[in-house]
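Please keep the sequence and the model open as you read.

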Amino acid sequence: MSEYFPLPLTGVEPPLSEMERAVQDNVHRYAVEVMRPLGPVLDKLPASEVPAPGSPLWAALAKAGDLGLSILDMLELSPVERVRLLAIASEELAWGDGGIAGAILVNNFPVMYALLAGNMEMAQFCNGKLGCWGITEPDHGSDMLDATGVLAATGGSYGKPNCTARIVGDKVIINGQKAAWISGAMTAQVCSLFCHYQDERGNVRPGVAVIVPLDLPGVSRGKPLDKLGLRGLNQGELYFDNVEVPASHLLAGPDQYEDLAYRMLCEANPHVASTAVGLARAAFEHAWEYAHRRKQGGLPLIRHQHVRFRLFEMFRKVEAARALTRRVMEYNATAARPSMLASTSAKVTATQTAFEVASDALQMFGGNGLSREYPMEKLFRDARAMLVADGNNEILAMKGGSDLVNPDWL
């Protein structure tokens, strides 16, 4: 007698509310009908063609606008209801395709960061527009995540920034460059820009956060980045040549920057973690199905004990990553001060899980796993990219670990 019984779509979680079930069903349908067919197509295109006029990406982004995932529309919900909906939706999107999920979810970041800064005017300005988050610089990758300098080597200096902003009267004047890793840079209409502040004497320090419309004079874009994985997520450089933005677009000046940068990372990391959970779940499900269809040794793979053991290991890792991510999101949404330690734990755990599960799933496919006729080699590349995306895991771990230093014990 079989002991099998089906679990809900997202595993062993309590029953979803009516609203959560509707969002999950709607986004899952979009993932099946739009993302699963489109993901491999975008993956095989030259990087320059993914965001080009006429690319099928644009139709997918337009349809995603009908999913009801506007952050502003969710403000009437409680914080826990809101983050649960976002976690459920993010997982389903990434289950469909990690790259396209990133291209959709990054549009929320300008609104999200404006709300963190308490600037409702900018949140409303960005709502409904395609967005991006500009922080990484050519000479300062992970350095830009460390506004406090806590990770700098003893005696070391992060050096001259690549992008600075001056506040002159009622304007913010921006000059410099952001690196090719700006997610959504090729499609965005607005950018949530985090850069260094330059005072009237030319001295620079962290920092300024400002909403920049990307159709302003002086803004230009580099070429789309050609990369290993998450190829459906366009990334590229942004250049600023004396770009003038109204001071009303400021989210934080130098006195508020450190606090906003902290809250920004606490907010962003769990969303990346939810995406990684969806990718890991997709890899597990592909391996699980393949183990029933593929025969070796005269039997379906699933009949071999060690295959079942390996599938169990994948399953428990996905469940553990989801549980931690949801727990962190709910904690940070309700705590007086969010926890960087918690948020980086979620991102590092979930992305590492996605990589391990994708690697194990590819191994189960054997030689077929290396073929582009099967989904695993793409999932493996996407999962590998997650270990670096939105902050190198090792740097994030050290940044989060800094929260463990209790000065009262020293």
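**Helix packing and backbone notes**

The crossing of α1 and α2 is left-handed, a term used when the near helix is turned anticlockwise from the far one by less than a right angle, with right-handed used for clockwise. This is a predicted model, in which local features need pLDDT of at least 70 and side-chain atom pairs count only at pLDDT 80 or more, while totals for chains, interfaces and linings use all residues. Residues are numbered from 1 along each chain as its sequence is written, and side-chain values use heavy atoms, leaving out hydrogens and water. Helices (H or I, at least four residues) and strands (E, at least two) are DSSP runs, numbered from the N terminus.

**α1 with α2**

- The axes of α1 and α2 are 11 Å apart, at an angle of about 155°; axes are lines fitted to C-alpha atoms, for helices over the stretch in contact, and angles run from 0 to 180 degrees between N-to-C directions.
- α1 and α2 are therefore roughly antiparallel to each other (angles over 145 degrees count as roughly antiparallel, under 35 as roughly parallel, 65 to 115 as roughly perpendicular and the rest as oblique).
- From α1, Tyr30, Val34, Leu38 and Leu42 meet Pro56, Leu57, Ala60, Leu61, Lys63 and Ala64 of α2, where contact means heavy atoms within 4.5 Å.
- The residues of this contact divide into nine nonpolar, no polar and one charged (Ala, Val, Leu, Ile, Met, Phe, Trp, Tyr, Cys and Pro count as nonpolar, Asp, Glu, Lys and Arg as charged, and the others, Gly among them, as polar).

**α3 with α4**

- Helix α3 (residues 79–96) packs on helix α4 (residues 98–105) at an angle of about 140°, with the axes 6 Å apart, and that makes α3 oblique to α4.
- α3 passes α4 in a right-handed crossing.
- Ser90, Leu93 and Ala94 of α3 make the contact with Gly98, Ala101, Ile104 and Leu105 of α4.
- By class, the contact of α3 with α4 holds five nonpolar, two polar and no charged residues.

**The surroundings of α4**

- Eight of the eight residues of α4 are buried (buried means under 20% relative accessible area, exposed over 50%, partly exposed in between, with a 1.4 Å probe and protein chains only).
- The buried residues of α4 pack against α1 (18–44), α2 (56–64), α3, α5 (109–116) and α7 (257–293).
- Aspartate 97 caps the N-terminal end of α4, with a side-chain oxygen 3.1 Å from the backbone nitrogen of glycine 99.

**α9 with α11**

- Helix α9 (residues 340–365) and helix α11 (residues 393–401) have axes that come within 8 Å and cross at roughly 155°; α9 and α11 are therefore roughly antiparallel to each other.
- α9 passes α11 in a left-handed crossing.
- The contact of α9 with α11 has five nonpolar, six polar and two charged residues.

**Backbone points to look up**

- Most residues other than glycine have a negative phi, and most peptide bonds are trans.
- A cis peptide bond, with omega about -20°, joins proline 206 and glycine 207, and glycine 207 is found in strand β5 (residues 204–213).
- Leucine 230 has a positive phi of about 50° and counts as buried at 6% relative accessibility.
- Asparagine 242, in strand β7, has a positive phi near 50° and counts as partly exposed at 45% relative accessibility.

How values were computed: A polar contact is a pair of N or O atoms within 3.5 Å; within protein, one must be able to donate a hydrogen and the other to accept it, and residues adjacent in sequence count only if both atoms are side-chain atoms.
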